[in-house]
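Visitor: I am new to this structure. Can you walk me through how to read it?
Guide: Gladly. Here it is.

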Amino acid sequence: PAIGELATEEMLEAAVNLAHDLGEKELESKSFAQLERMFPRSHHLQRHRLRQLLIARDYVGVTAMLASPPPGIDPETAALHARLAAALSVAEKPGYDSVLAEVADRWPGRLVQARLACIRDADARGLFSEALALAMTLELTGEHAQRSAWALLHAIEQLLIRRDEHGGLGI
């Protein structure tokens with residue numbers, strides 16, 4: 001791709017966001033590296049790092065980053081990510097419904113993002129029925145449509161692949 005030809009901070013930030021939205025991890029990584037090389041003080045770098053920590057379920061990293069939020073992380077974003085990190089970092093099954101209810105109340109525009117984080121967490125914990133239940137409520141329209149559809153398909157796939165101790169579906 002022509003990432004090397006992008007010369008402005010805004011264009012590189014747009015490339016990182018577009019690649020992320022399209023699920024193009026390699027292009028996202030190259031765009032991010034170019035942005036970091038050319039504009040190391042870009043606030044977008046910090047927002048991207050925070051998003052990647054949450055996606056990776058690195059809740060300790062999220063908490064550490066937000067102990068002193070870097071420039072570019074607004075207070076609302078910091079509060080949302082801190083709340084998700086606190087709710088999802090527990091050893092036992094998190095209260096997904098209660099944290100999503102809180103997000104719906106405090107940050108309604110970020111509910112899909114929070115739901116996707118909860119789905120990733122449930123999936124990583126092997127709570128495939130829980131992941132499917134959370135994914136079933138996703139709307140498959142708007143800016144998160146593709147990620148929502150993939151989350152739903154992945155949850156269904158995991159339930160079809162995983163079997164209980166008797167060989168039955170894990171539903």
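Guide: Start with the surface. Accessible areas come from the Shrake-Rupley method with a 1.4 Å probe. This is a predicted model. The accessible surface of its chain is about 9700 Å². Carbon and sulfur atoms hold 57% of that surface.

Visitor: What share of the 171 residues is buried?
Guide: Buried means under 20% relative accessible area. In this chain, 37% of the 171 residues are buried.

Visitor: How many helices and how many strands does the chain have?
Guide: Nine helices and zero strands. Read from the N terminus, the order is α-α-α-α-α-α-α-α-α.

Visitor: What is the mean pLDDT of the chain?
Guide: pLDDT is the predictor's confidence in each residue, from 0 to 100. The mean for the chain is 85. A value of 70 or more is reached by 84% of the residues.

Visitor: Which elements have the lowest and the highest mean pLDDT?
Guide: Helix α9, residues 145-161, has the lowest, at 66. Helix α6, residues 96-106, has the highest, at 96.

Visitor: What share of the contacts joins residues at least 24 apart?
Guide: Take the contacts between residues at least 6 apart in sequence. Of these, 52% join residues at least 24 apart.

Visitor: Now a helix pair. How do I describe one?
Guide: Use the angle between the two axes and the distance between them. Take helix α7, residues 111-124, and helix α8, residues 128-136. Their axes come within 8 Å and cross at roughly 165°. Angles over 145 degrees count as roughly antiparallel, so α7 is roughly antiparallel to α8. The crossing of α7 and α8 is left-handed.

Visitor: Which residues make the contact?
Guide: From α7 come R115, C118, I119, A122 and D123. From α8 come F128, E130, A131, L134 and A135.

Visitor: Next, the backbone. What phi does R57 have?
Guide: Most residues other than glycine have a negative phi. R57 is not a glycine, yet its phi is positive, about 60°.

Visitor: Where is R57?
Guide: R57 lies in the loop between α3 (43-55) and α4 (59-67). R57 is partly exposed, with a relative accessible area of 29%.

Visitor: And Q34: buried or exposed?
Guide: Q34 is found in helix α2, residues 25-38. The relative accessible area of Q34 is 11%. The cut-off for buried is under 20%, so Q34 is buried.

Visitor: Which residues does Q34 touch?
Guide: Leave out residues up to four places away in sequence. Then Q34 touches I3, G4, L6 and L12.

Note on methods
Residues are numbered from 1 along each chain as its sequence is written. This is a predicted model: local features need pLDDT of at least 70, side-chain atom pairs count only at pLDDT 80 or more; totals for chains, interfaces and linings use all residues. Side-chain values use heavy atoms; hydrogens and water are left out. Helices (H or I, at least four residues) and strands (E, at least two) are DSSP runs, numbered from the N terminus. Buried means under 20% relative accessible area, exposed over 50%, partly exposed in between (1.4 Å probe, protein chains only). Contact means heavy atoms within 4.5 Å. Axes are lines fitted to C-alpha atoms, for helices over the stretch in contact, and angles run from 0 to 180 degrees between N-to-C directions. Angles under 35 degrees count as roughly parallel, over 145 as roughly antiparallel, 65 to 115 as roughly perpendicular and the rest as oblique. A crossing is left-handed if the near helix is turned anticlockwise from the far one by less than a right angle, and right-handed if clockwise.
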